[in-house]
Amino acid sequence: MTYDLIIIGAGPAGCGATIYSARKQLKTLLITPSFGGQSDVSSEIYNWIGTKAISGTNLARSMEEHVRSYVGEYLTIVTKESATKLSKNEDGTFSLSTDKNIYMSRSILITAGSGRRKLSIPGADTFENKGIVYCASCDGPLFSGQDVAVIGGGNAGFETAMQLLAYCKHVTLLNRSASFKADAVTIKHVASNPHMTILAEVEPIAIIGEKFVTGLTYKSTKTGEETTIPVTGIFVEIGQIPNSAFVDGFVNLDKYKRIIVDHRTQRTSINGIWAAGDITDGLYHQNNISVGDAIKAIENIYLYIKAGG
Ligand SMILES: Cc1cc2nc3c(=O)[nH]c(=O)nc-3n(C[C@H](O)[C@H](O)[C@H](O)COP(=O)(O)OP(=O)(O)OC[C@H]3O[C@@H](n4cnc5c(N)ncnc54)[C@H](O)[C@@H]3O)c2cc1C
């Protein structure tokens with residue numbers, strides 16, 4: 001069958017879009033390996049509008065429950081599949097290949113978000129998951145009573161440090177530039193902890209260890225001086241890489257591999273394909289923004305489908 005719309009990914013953007021699409025009675029297929037998106041790993045989210053605080057897991061669960069309540073005539077959900085290729089057919093419809101199937105649709109909304117950027121310094125590959133980790137709420141307790149480092153001075157870095165301070169002996173956060181991207185209130189809270197060290201204008205240059213991580217060497221970007229600190233855990237929070245490989249060379253991407261969209265409508269360079277959320281070249285990436293952008297896309301897709309697109 002040919003759907004009106006295939007939505008790729010079920011983070012906040014994909015979930016928001018699916019609810020709106022089903023309510024507008026577009027024949028919708030949602031394809032995703034899992035529900036909830038990146039903040040699934042957050043211990044608490046304080047800025048999800050209408051909720052003072054909610055854990056990432058509970059937010060993911062409530063979004064999934066909400067989306068699944070629309071399954072029926074207008075909504076089909078396929079989980080545990082990932083999009084691998086998208087192409088346009090001669091009749092103007094699209095074929096979406098996943099790792100298991102091929103699906104057809106009149107329009108496509110890409111909300112596949114992004115994944116973690118990894119360190120590329122000596123030792124980074126060797127000690128991946130042997131001390132180098134990416135999720136404080138999942139792996140933090142493994143480092144209870146130990147000295148750890150966090151790489152990255154954005155909100156994710158500081159939130160990671162905040163979580164680790166609950167069980168680690170000491171946390172050292174490293175930031176490449178002199179200023180931090182994290183919110184001032186979060187920085188102030190973390191910096192006031194006596195078990196916390198915050199280093200600015202330094203960059204990691206090597207991970208040291210035998211079977212597991214035993215230390216981290218960093219260099220001052222001002223003086224070039226190198227220092228090694230003993231740590232057993234290194235939590236990497238240096239940004240995201242868009243999950244756009246399956247449309248690379250098909251829709252236009254920017255130099256960071258994010259999908260370029262018209263920010264009034266979320267249309268991509270290909271007529272009939274929209275994108276929303278962290279996978280796009282939007283300036284700001286947050287849960288609420290992803291949902292808003294996805295809904296903007298659905299409003300535009302609805303007009304496109306009803307106009308015979
Ligand atoms: C640790 C952490 C904490 C955060 N805390 C906050 C916070 O407190 N408040 C806030 O507003 N924002 C927070 N953010 C940012 C927020 O999580 C993102 O802005 C938001 O998740 C983006 O939503 P999205 O739907 O665009 O993409 P994502 O959340 O990345 O979701 C992408 C979806 O696409 C799926 N997918 C991926 N590849 C494919 C594929 N090939 N085919 C099909 N599906 C695919 C994924 O499984 C997932 O379901 C945090 C981020 C992190 C990493």
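Reply: The open sheet consists of five strands in the order E8-E15-E9-E10-E11, paired in parallel; strands are DSSP runs of E with at least two residues, helices are runs of H or I with at least four, and both are numbered from the N terminus. Two strands count as paired if DSSP finds at least two bridges between them. This is a predicted model, in which local features need pLDDT of at least 70 and side-chain atom pairs count only at pLDDT 80 or more, while totals for chains, interfaces and linings use all residues. Residues are numbered from 1 along each chain as its sequence is written.

The edges of the sheet are formed by strand E8 (132–133) and strand E11 (196–200), each of which pairs on one side only. E8 runs parallel to strand E15 (residues 233–236) and is joined to it by two bridges; here Ile-132 has Ile-234 of E15 as its bridge partner. E15 is also joined to E9, again in parallel, by four bridges, and Ile-151 stands opposite Val-236 of E15. Between E9 and E10 there are five bridges, likewise in the parallel sense, with Val-150 partnered by Leu-173 in E10. In general terms, strands of a sheet pair through backbone hydrogen bonds, either parallel or antiparallel.

As to burial, a residue is called buried if 20 or more other C-beta atoms lie within 10 Å of its own, exposed if 12 or fewer, and partly exposed in between, with C-beta atoms placed from the backbone. By this criterion E15 is covered on both faces: Gly-233 and Phe-235 on one side, and Ile-234 and Val-236 on the other, are all buried. E10 is mostly covered, with five of its six residues buried.

Helix H4 (residues 155–164) packs on the sheet and touches strand E9 (147–151), strand E10 (170–175), E11 and E15, where contact requires C-beta atoms, placed from the backbone, within 7 Å. The direction of H4 makes about 165 degrees with that of E9; axes are lines fitted to C-alpha atoms, for helices over the stretch in contact, and angles run from 0 to 180 degrees between N-to-C directions.

The nonpolar cores complete the description. A nonpolar core is a set of buried Ala, Val, Leu, Ile, Met, Phe, Trp, Tyr and Cys residues joined through C-beta atoms within 7 Å. The largest has 45 residues, and Ile-6, Ala-17, Ile-108, Leu-109 and Ile-110 have the most contacts inside it. Apart from that core lies another of 31 residues, among them Val-133, Phe-143, Val-148 and Val-236.

Key:
Two residues are in contact if their C-beta atoms, placed from the backbone, lie within 7 Å.
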